[in-house]
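Opening the notebook on this one.

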Amino acid sequence: MENKMFCYQCQETAGCKGCTVSGVCGKGPETAALQDGLIYSTKGLAQMLTILRKNGAPVREEWNDLVRENLFITITNANFDDERIRRQIIKTQELKRELSQEKSIREAASESRLSEAARWTAAETSHPGMGVLAEENEDIRSLRELITYGVKGMAAYLKHAAALGYRSGELDGFMQKALAAVLDDRLDADALTHLTLETGKYGVEAMALLDRANTETYGNPEITKVEIGVRNRPAILVSGHDLRDLEMLLEQTEGTGVDVYTHSEMLPAHYYPAFKKYEHFAGNYGNAWWRQREEFEAFHGPVLLTTNCLVPPRDSYKDRIYTTGAAGYPGCRHIPGEAGEEKDFSELIRHAKECDPPAELERGEITGGFAHHQVLALADKIVEAVKSGAIRKFVVMAGCDGRNRSREYYTEFAKALPGDAVILTAGCAKYRYNKLDLGDIGGIPRVLDAGQCNDSYSLAVIALKLKEVLGLDDVNDLPIVYNIAWYEQKAVIVLLALLYLGVKNIHLGPTLPAFLSPGVAKVLTEQFGIAGITTAEEDIKSLLA
Ligand code: FSO
Ligand code: SF4
């Protein structure tokens with residue numbers, strides 16, 4: 001049977017092979033085709049911008065913004081709105097048409113240096129060359145997609161940094177160069193493998209830039225107890241990763257009688273000093289993204305999705321879903337606003353006032369805020385615990401959560417870890433074990449949450465610092481092991497960043513990416529010791545040996 005679509009970019013892809021009829025995430029064939037068109041068009045634009053840069057021609061900030069936004073829109077669970085995606089393609093095609101008149105682009109075209117994707121400037125949304133399967137060689141396809149997904153993750157992080165006024169021409173330049181390179185038929189598997197590792201290098205820099213943007217703007221995360229119960233006032237729930245959106249929402253809701261709660265990946269916002277002054281910043285509601293259908297229903301008030309992960313909403317609460325930024329869903333209201341612009345959330349505030357307060361899901365508190373600055377402040381205590389043997393191992397369990405039953409493994413794994421092991425986490429993976437009450441070791445909690453998935457950067461900083469303090473030559477000599485859960489493309493850039501930093505023997509689950517061909521998987525296994533997971537018991541035995 002002929003495929004209606006093809007997408008294998010996330011962990012939940014159908015049959016661990018590819019979504020061919022419709023996406024497990026809810027993305028239908030039409031949306032999938034539009035996303036393929038948008039990616040293909042954007043790769044062509046990236047080649048043009050790369051040529052302009054090389055020739056010293058100016059590249060406008062808004063063009064970089066467009067590339068980042070287009071990539072972010074195609075990340076799993078970010079945008080299901082065909083109209084919006086269509087508009088992005090048409091806008092990108094228009095820009096390419098305009099740029100095709102530039103001298104250096106005309107020269108490249110006349111010398112046949114311009115790819116088909118760059119030459120495609122018609123006001124259309126589809127092209128025969130688009131789509132993952134357009135490349136027939138499975139190793140080349142695998143490496144091209146691995147790079148593309150890593151760059152998508154980078155784009156997401158850089159979009160958040162740009163929202164706070166932090167941009168890097170070098171990083172935008174690299175992303176565009178990489179997107180142009182995956183169009184280049186002259187690049188063989190070796191060249192693409194090299195580019196994959198280079199993507200990891202820039203991934204570290206992208207996460208470092210976002211870390212700087214977040215901490216210089218909102219202060220360094222600190223140990224914080226976050227309420228997980230509810231109050232009795234109407235409220236807005238905010239999800240996704242964009243701290244600037246949260247800040248604007250907190251400012252605009254102050255004094256209105258409407259509370260603000262975080263959901264899923266927005267939980268770590270509570271750890272930043274700048275947000276603690278808002279008395280109506282009530283706590284965290286619910287769990288990881290995939291439980292949103294029940295939790296949004298029970299919340300009763302409006303929900304603001306600032307990024308992925310959005311699950312197609314039920315009709316019963318769809319009118320309470322608002323999106324902004326790269327997120328979108330047909331029929332849900334979208335709050336506009338570019339980086340640097342003030343967004344207007346008054347509609348949500350009015351809406352909240354007509355709604356009941358949230359239903360209680362649970363009571364109590366969870367503790368987090370262990371990003372690099374806070375952990376380094378505790379360094380003496382930690383080093384001492386390592387030297388005395390009170391802490392035998394750190395287990396990095398960062399990454400994403402998802403709906404597969406197989407992810408219960410991570411709860412079992414956390415529960416079964418011996419009492420002298422400490423979990424380092426970031427991303428929504430933490431919801432599999434952050435309410436288990438795993439206790440502490442001499443006052444150091446056994447689950448140290450650094451923040452969102454991008455804050456995996458913090459975990460790398462902590463590892464490098466420990467290496468220095470303990471006088472070791474190699475990060476792999478540290479008492480740190482890696483058992484990472486992945487779901488979408490931001491996890492891909494986190495993984496490539498860790499590989500670039502020289503981390504070996506990462507366990508990746510619950511399944512290895514479908515987009516790794518056997519040949520590429522073999523390279524990752526042989527060169528980096530990447531492995532899948534087995535059972536909690538077996539893996540604890542082998543990782544803690
Ligand atoms: Fe999770 Fe979704 Fe943060 Fe991802 S909410 S899965 S890797 O978007 O970005 O960890
Ligand atoms: Fe399938 Fe994942 Fe692609 Fe959605 S994002 S269509 S679930 S592979």
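This is a predicted model: local features need pLDDT of at least 70, side-chain atom pairs count only at pLDDT 80 or more; totals for chains, interfaces and linings use all residues.

Entry 1, Thr-262. I started in strand β3 (residues 259–262), which is where Thr-262 is found. Helices and strands here are DSSP runs, H or I of at least four residues for helices and E of at least two for strands, numbered from the N terminus. Buried or exposed? Thr-262 counts as buried because its relative accessibility is 0%. My cut-offs: buried is under 20% relative accessible area, exposed is over 50%, and partly exposed is in between, with a 1.4 Å probe and protein chains only.

I then listed what Thr-262 contacts, leaving aside neighbours within four places in sequence: Leu-237, Val-238, Leu-267, His-270, Phe-281, Gly-283, Asn-284 and Tyr-285. Contact means heavy atoms within 4.5 Å. With Asn-284 there is also a side-chain to side-chain polar contact of 2.7 Å. A polar contact is a pair of N or O atoms within 3.5 Å; within protein, one must be able to donate a hydrogen and the other to accept it, and residues adjacent in sequence count only if both atoms are side-chain atoms.

Residues are numbered from 1 along each chain as its sequence is written, chains are lettered from A and ligands numbered from 1 in the order written, and side-chain values use heavy atoms, with hydrogens and water left out.

I found Thr-42 in helix α1 (residues 29–54). Thr-42 counts as buried because its relative accessibility is 1%. Where does the side chain of Thr-42 reach a backbone oxygen? At Leu-38, at 2.5 Å. The side chain of Thr-42 also makes a polar contact of 3.1 Å with that of Asn-70. Not counting residues up to four places away in sequence, Thr-42 touches Val-67, Asn-70 and Thr-92. I also checked Leu-183, 141 residues apart from Thr-42 along the chain: their C-alpha atoms are separated by 11 Å.

The axes of α2 (residues 61–73) and α3 (residues 82–99) come within 11 Å and cross at roughly 145°. Axes are lines fitted to C-alpha atoms, for helices over the stretch in contact, with angles running from 0 to 180 degrees between N-to-C directions. From α2 the contact takes Trp-63, Leu-66, Glu-69, Asn-70 and Ile-73, and from α3 Arg-84, Ile-85, Gln-88, Lys-91, Thr-92, Leu-95 and Leu-99.

Asp-344 lies in the loop between β7 (333–335) and α12 (346–353). I logged Asp-344 as partly exposed because its relative accessibility is 48%. Its side chain joins that of Ser-346 in a polar contact of 2.7 Å. Beyond neighbours within four places in sequence, Asp-344 is in contact with Gln-252 and Ile-335.

How many residues of α17 are buried? I get 11 of its 12, among them Gln-489 and Lys-490. At the start of α17, a side-chain oxygen of Glu-488 comes to within 2.7 Å of the backbone nitrogen of Lys-490. Just after α17, Gly-502 has a positive phi of about 90°.
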